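Colleague: Please take me through this model slowly, giving me the rule behind each word that you use.

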Amino acid sequence: VYGASGFTGRLVAEHLARDYGGRVRWAMAGRSESKLREVRQSLSKINPQCADTPLLIADAFDRDAMGDMLRQGAAVVSTVGPYARYGDVLVEQAVEQGTHYCDLTAELPWVRRNARDYGERAAAGG
């Protein structure tokens with residue numbers, strides 16, 4: 001979950017902790033390790049197994065860090081918006097790394113642009 005320390009990211013993380021505890025492997029990601037540690041600590045009160053949830057640190061504008069983060073998983077759920085400002089490198093690197101990408105944006109021009117720019121390559125990569 002990229003953006004796990006933000007409002008929506010925390011809700012997604014709480015859902016995973018409460019409803020999927022131990023049944024899925026997942027990590028929390030974002031740019032602030034200290035904020036992610038705080039979220040992990042609060043999640044461990046919901047589900048003690050969350051105390052070991054991995055933390056991945058990556059800034060939205062750092063291609064190398066994003067690539068490194070994405071290589072560690074099969075899929076990413078992004079909760080970092082506005083997506084047109086913070087999502088471009090993540091989508092680019094998800095396609096580059098062959099990582100499945102999911103978000104909850106309603107920024108349709110951004111979605112159309114990404115579909116145009118990366119759709120064929122993403123589909124070819126699986």
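Modeller: Let me start with leucine 90, which touches Tyr2, Met66, Met69, Leu70, Val76, Ser78 and Tyr101 when residues up to four places away in sequence are not counted; contact here means heavy atoms within 4.5 Å. This is a predicted model, in which local features need pLDDT of at least 70 and side-chain atom pairs count only at pLDDT 80 or more, while totals for chains, interfaces and linings use all residues. Residues are numbered from 1 along each chain as its sequence is written, and side-chain values use heavy atoms, with hydrogens and water left out.

Colleague: Why is leucine 90 called buried?

Modeller: The relative accessible area of leucine 90 is 0%, and buried means under 20%, exposed means over 50%, and partly exposed covers what lies in between, using a 1.4 Å probe and protein chains only. Leucine 90 therefore falls in the buried class. Its place is in helix H5, where helices (H or I, at least four residues) and strands (E, at least two) are DSSP runs numbered from the N terminus.

Colleague: Which class do threonine 8 and alanine 115 belong to, and how do you know that?

Modeller: Threonine 8, found in helix H1 (residues 7-19), has a relative accessible area of 29% and is therefore partly exposed. Alanine 115, which lies in helix H6, has a value of 47% and is therefore partly exposed. Threonine 8 touches Thr79 and Leu104, again not counting residues up to four places away in sequence, and its C-alpha is 6.1 Å from that of threonine 79, although 71 residues separate them in sequence. Alanine 115 and aspartate 64, by contrast, are 51 residues apart in sequence and 22 Å apart in space, C-alpha to C-alpha.

Colleague: What makes two rings an aromatic pair, and how many pairs are there?

Modeller: Rings of Phe, Tyr and Trp (its six-membered ring) pair if their centres lie within 6.5 Å, and the planes count as stacked under 30 degrees apart, as edge-to-face over 60, and as tilted for the rest. By this rule there are two aromatic pairs. In one of them, phenylalanine 61 and tyrosine 86 have ring centres 5.7 Å apart and planes at 50 degrees, so the pair is called tilted. Phenylalanine 61 sits in the loop between strand E2 (55-57) and helix H3 (63-70), while tyrosine 86 is in helix H4, 25 residues away, which makes this a link between distant parts of the chain.

Colleague: Why is the pair of tyrosine 83 and tryptophan 110 called tilted?

Modeller: Their ring centres are 5.7 Å apart and their planes stand at 40 degrees, so this pair is tilted. Tyrosine 83 in helix H4 and tryptophan 110 in helix H6 (residues 108-124) are 27 residues apart, and this pair links distant parts of the chain. Both tyrosine 83 and tryptophan 110 are buried, whereas tyrosine 86, at 24% relative accessibility, counts as partly exposed.

Colleague: What joins glycine 81 and proline 82?

Modeller: A cis peptide bond joins them, with omega about 0 degrees, and proline 82 is found in the loop between strand E3 (75-78) and helix H4 (83-86).

Colleague: Finally, what is the order of elements in the protein, and how compact is it?

Modeller: The protein has six helices and four strands, and along the sequence they follow the pattern α-β-α-β-α-β-α-α-β-α. The radius of gyration is 14 Å, close to the 14 Å that the globule rule gives for 126 residues, so the protein is as compact as a globular protein of that length; the radius is taken over C-alpha atoms, and the rule is 2.2 Å times the number of residues to the power 0.38. Buried residues make up 38% of the 126 residues, and among contacts between residues at least 6 apart in sequence, 63% join residues at least 24 apart.
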